[in-house]
Amino acid sequence: MTPSEAVGVLAGRYGIDATVCEVACERDQNFHVVASDRREYVLKISNPEEPRITTDFQTQGILWIERADPGIPVPKLVPTREGHYQTVVTLADGRQSMVRVLTWLQGTPLYKVAINPAIEEAIGTVLARIGRALRDFTHEGARQDLLWDIRHASRLKPLLYALPTDALGIAVRDELERFEVKTRPKLEALRHQVVHNDLNHHNLMVDPGETARITGVIDFGDMVETCLAVDVAVAASYLADHPEDALGSVARMIAAYHRVTPLQRAEIEVMRDLIVARLVTSITITEWRARRYPENATYILRNNGPAKLAMSRFAALDRNHVTGRLLRACEME
């Protein structure tokens, strides 16, 4: 969709007179919208290949969170003139896309801010609140077969050709093998529900004057029904590249989560391997996709470097030591 077409959709479907600027995205198309009354929005045009049920799942999940816990800083959906939260548009090439407008959340992206213990705790708290809000949410699109759901990390094997056979590549392959044999069989017995599944530092906004205050949680494109512990592990994996105390950083976030939603011992006991499985997933998928789509490699690889650092820092720690530290952080030992 061209900017002028986007402006036309906003005016015709939503009654919003605005200017737009395209924002980088991997699968969909996003525009930052500044209305004539200075209000700001995001116009999201879903990939035409995305099933309608998947888009509706994301829409209904955001609406559910707003009803369950209005204080969570997630975008608010803006209805069309007819009161619909999503609408179908026909693109210039004849394909159809689902379109949504959401409020623009102000703040500084977390990846631009120095991480400290207060932010680590804030991440755990907001993630637990989102999980608690989604606890009873059900939708026929919730069980989508998502490669980013680390329950399915074993499916990454055909993509390993994209990785070199250096020390990192060997570590990724070894961890993937261990996950398939040791960890995956334990996951079915854990708690399952719909979760955000992508609380990376590009999807968190903070107050520039009070960086421990989270002002926005965005991007529900990887939301899925999976193990609750997976959601915690995903967020923890983005703290595992801490240059001095990766384990401490992860432990503080998980302890904060635990204070809102108590984790079970069985969930803590697989947490180390789930965190590393997310690092393996991030490295493998981004390397593979960057090869396939070199024109979008900068965006695709934005979390690749930190994941590789985390593999060298967190994944190298003694497994039993990590589990013991996390159990103590949650006061289970």
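Is Cys25 buried, partly exposed or exposed? In this predicted model, Cys25 is partly exposed, with a relative accessible area of 21%. Cys21 also counts as partly exposed, at 48% relative accessibility. The sulfur of Cys21 lies 14 Å from the closest cysteine sulfur, that of Cys25, and this is too far for a bond. A disulfide would need the two sulfur atoms within 2.5 Å. Cys25 is accordingly in no disulfide, its nearest cysteine sulfur being that of Cys21, 14 Å away. The count of disulfides comes to 0.

Helix α2 spans residues 52–68. The helix has 17 residues. From the first C-alpha to the last, α2 reaches 24 Å, close to the 24 Å expected at 1.5 Å a residue. Several positions of α2 are buried. They are Thr54, Thr55, Phe57, Gln58, Thr59, Gly61, Ile62, Leu63 and Ile65. An α-helix has 3.6 residues a turn, so residues three or four places apart point the same way. The buried residues of α2 are covered by elements that include the strands β4 (77–78), β6 (96–103), β8 (192–195) and β11 (224–227). Helix α3 (117–133) is also part of this cover.

Strand β11 holds Thr226. Thr226 is buried, with a relative accessible area of 0%. Setting aside neighbours within four places in sequence, Thr226 is in contact with Asp149, Arg151, Arg191, His192, Gln193 and Val195. The C-alpha atom of Thr226 is 8.8 Å from that of Ala142. Along the chain, Thr226 and Ala142 are 84 residues apart.

The loop between β10 and β11 contains Asp219. Asp219 is not a glycine, yet its phi is positive, at about 65°. The residue is partly exposed, with a relative accessible area of 30%. A positive phi is also found at Arg38, near 75°, again in a residue other than glycine. Arg38 sits in the loop between β2 (29–35) and β3 (40–45). At 63% relative accessibility, Arg38 counts as exposed.

How are helices α8 and α11 packed? Two packed helices are described by the angle between their axes and the distance between the axes. For α8 (residues 271–292) and α11 (residues 319–329), the angle is about 110° and the axes are 9 Å apart. The two helices are therefore roughly perpendicular to each other, because angles of 65 to 115 degrees count as such. Helix α8 contributes Met271, Arg272 and Asp273 to the contact. Helix α11 contributes Arg319, Val322, Thr323 and Leu326. By class, the contact has 3 nonpolar, 1 polar and 3 charged residues.

Methods
Residues numbered from 1 in each chain as written. Predicted model: local features only at pLDDT ≥ 70, side-chain atom pairs only at ≥ 80, totals over all residues. Heavy atoms only, no water. Helix = DSSP H or I, 4+ residues; strand = E, 2+ residues; numbered from the N terminus. Expected span 1.5 Å × (residues − 1). Buried < 20%, exposed > 50% of the residue type's maximum accessible area, 1.4 Å probe, protein only. Contact = heavy atoms within 4.5 Å. Axes fitted to C-alpha atoms, helices over the stretch in contact; angles between N-to-C directions. Parallel < 35°, antiparallel > 145°, perpendicular 65-115°, else oblique. Nonpolar A, V, L, I, M, F, W, Y, C, P; charged D, E, K, R; others polar.
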